[in-house]
Every structure is written in C-alpha cells, then in structure tokens.
Amino acid sequence: MLHHISIGVADIERAAKFYDAALRPLGYVRVWSDLRPGQTDQEVGYGPAGSGDKLALKQVPRGLIRSFPGSHIALAAASRDAVAAFHAAALAAGGEDNGGPGLRPHYGPHYYAAFVVDPERNRLEAVCDFSTEERVGLDSMSGGMTTHRSVGALVEAPRLETERLLLTAHVVDDFSSLATRWADPEVTKYIGKPSTPKESWKRLLMYRGLWPLLGYGIWAVREKHSGLYVGDVGFADLHRELEPSIDGIPEAGWVLSTWAQGKGYANEALNAALGWLEREVKCDRAVCMIARENLPSRRVAEKAGFCEPLVIQYEGAEGLLYTRLCKK
C-alpha cells in the first residue's frame, strides 16, 4: 500500500550518518541526496541500490514535532544475521538499544527482530519474518557434490562473535590495513608474491561481492578489546583450474597480519566461520588449499577438521588440497 515514508529530523547531517550505517546491513543505501551544509530544507532518500527511495529524511526546524509518541518504522531484513548486523551498526552509530535481536513469538513463530531509537528519537525495527529454510536460494549439483548458490539471500557478511574476536563485513576504511597486510612478504610467503595497492583494492571489492552472489564469503576479523582489524577468514568459489575440480565447493581461507599470528586467532575465527557455514549453507563439504611448506596453516586446518590432503599442482607449484565434511 505504501510507496515510501518520510520522517522529519532537526540535525540532518547527524541523522544521515546514523542511517547510512544502520541501513547498510539491510541492503538500503542513499539513492539520492540533497545535503547543503548550513542551508535549510535538506533531504536524503534511502532504498535498495538502483531504485527509488523507500525512506526519506527531511530537515525541519528544531523544536517542531517530528513524530507522534509511539511512532514506529519497521524495515524488512533478508536474514536473521542482517537483523543482528542492523542492531550492532545502529548502536555503534549512536542509536539507543530498544530491544536486542531475537524471536518475538507473540508476533509470529518466525518473527525475528531488533529495535533501536535513532538520535532524533524515532523508533526503528528490523525484522526477518520467515524461517531459515524459507531463505531465497538455489541448489545445484556439480560432480556429484551438493553445492549452493544464493541470490539476494545476504547483502553482506553476517556478524559473528567469539570469545576474543568479531567477524564482520569489510568496509572501505579497512583498505589501508588490508593493503599493508598483503604487501608484507612474510604474510604472502606461502600464498604468492606481495600485492600492489590496486590488487588489494580488487581483493577488498571481491570480499564484499561474494556475499550477495554466493550466500557466503569472507569476513574481516577484528579484536574485541581493541577493535583492530587483524585479518580475514571465510569461504570463496574462485573457479580455479584444478584437478580434481573444486568449483561450487566453499573453499576456506584465512590470513592474519604478522603481529596477530601465534595467538590462536586463526583457529578461533575459522571455527566460528565453519559453524556458520554448517548452519546456514546447504553444502556437504568445504575444502582448503595450502602450500606443503606452510606448516602453521596446515596445523590450523587439521585442528578445524580438514583432513585427507591430496597432492595437487596449481600454477606450477605443488600444494595440498584438504577436505572437511560438513556436519549434518
């Protein structure tokens, strides 16, 4: 019935920064903007990329009533992970907690929602009102192995939490740390040559692009206590020219900055990622490819349950292809 909705805000620059962050996990971005610092009647519109606005912010004079008591806006989320990511992003951007992520069975058996209050005192909700099994997805078969393709099921990496780490989506601000890591010869010793800034930028774009295309991808790994970006972990389908073929099978990978190595972070992050894969992605196995000389990574893989390595040749070098069956 509704085409779009507008809300009034007094401090539109502050509100726009909040909504930029809070709506991103739900797949909503600025689709138009009329921000003119210091002037009046400024506006910003949000919606799915490439479409019209569904929610607009309109600047109004301070003190004017912007919303009646109890006003409430509910935003659709593509998954429960997106609900949790919305809640975390909203709080980090200055919102107020009004109810954490969780089921609300009094609204329905699959009604999973989170609630916040924005800096202008508007009440927001993100809701996923369907079961995990009802997620939009497409299964295919390849070489007798069950594979997974998901179209639009996830906009970005879901937020995962371990004892010491946070696994989150990558952001543009991660580029400098990522480029430094991949330019370090110690980091790339068993992977290939150090990367140029251009190559690292393409890698960052790939990390973000995997999620909406495949339904799985790479997380940024961050220390809880410091917030520092320490490395990457996750899964990809890189269509390597390899025998046996691993096309369509989630290929695990992990990389940490040298200062973050030796602390058990790789195993902690990988175990969290594998747990998510088994819960959320319909696949019967995952694989990982490791240089024979890379003993630390081989230990990480074996602790995580990867086994039965096959000797393979890839791009003129010998490596080991490990397999891990997914728990049903």
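**Figure 1. The salt bridge between D174 and R222****.** D174 counts as buried at 5% relative accessibility, where buried means under 20% relative accessible area, exposed over 50%, and partly exposed in between (1.4 Å probe, protein chains only). The model is predicted: local features need pLDDT of at least 70, side-chain atom pairs count only at pLDDT 80 or more, and totals for chains, interfaces and linings use all residues. Residues are numbered from 1 along each chain as its sequence is written, and side-chain values use heavy atoms, with hydrogens and water left out. D174 forms a salt bridge with R222, and the closest N and O atoms are 2.7 Å apart; a salt bridge is a side-chain nitrogen of Lys or Arg within 4 Å of a carboxyl oxygen of Asp or Glu. D174 lies in the loop between strand 13 (165-168) and helix 3 (175-182), and R222 in strand 14, so the pair ties together parts that are 48 residues apart in sequence. Helices (H or I, at least four residues) and strands (E, at least two) are DSSP runs, numbered from the N terminus. R222 is also buried, with a relative accessible area of 13%.

Figure 2. Helix 1 (residues 12-23) has 12 residues and spans 16 Å from its first C-alpha to its last, close to the expected 16 Å; the expected span is 1.5 Å times one less than the number of residues. Its buried residues include I12, F18, Y19 and L23. R14 is partly exposed at 39% relative accessible area, whereas E120 is buried at 6%.

**Figure 3. An aromatic cluster of W211, W219, F235 and W276****.** The structure holds 8 aromatic pairs; rings of Phe, Tyr and Trp (its six-membered ring) pair if their centres lie within 6.5 Å, and planes under 30 degrees apart count as stacked, over 60 as edge-to-face and the rest as tilted. W211 and W276 form an edge-to-face pair, 5.4 Å centre to centre with 70° between the planes. Because W211 lies in helix 4 and W276 in helix 5 (residues 265-280), this pair ties together parts that are 65 residues apart in sequence. W219 and F235 are likewise edge-to-face, at 6.4 Å and 80°. W219 belongs to strand 14 (residues 218-223) and F235 to strand 15 (residues 229-236), 16 residues apart.

**Figure 4. Packing of helix 2****.** Helix 2 (residues 80-92) comprises 13 residues and reaches 19 Å between its first and last C-alpha, close to the expected 18 Å. D81, V83, F86 and H87 are among its buried residues. The buried residues pack against helix 1, strand 6 (96-97), strand 8 (111-117), strand 9 (123-129) and helix 5, contact meaning heavy atoms within 4.5 Å. G94, whose phi is positive, near 110°, follows the helix.

**Figure 5. Surroundings of H3****.** H3 lies in the segment before strand 1 (5-9) and is exposed, with a relative accessible area of 57%. Not counting residues up to four places away in sequence, H3 touches D53 and K54. The C-alpha atoms of H3 and D53, 50 residues apart along the chain, are separated by 8.7 Å.
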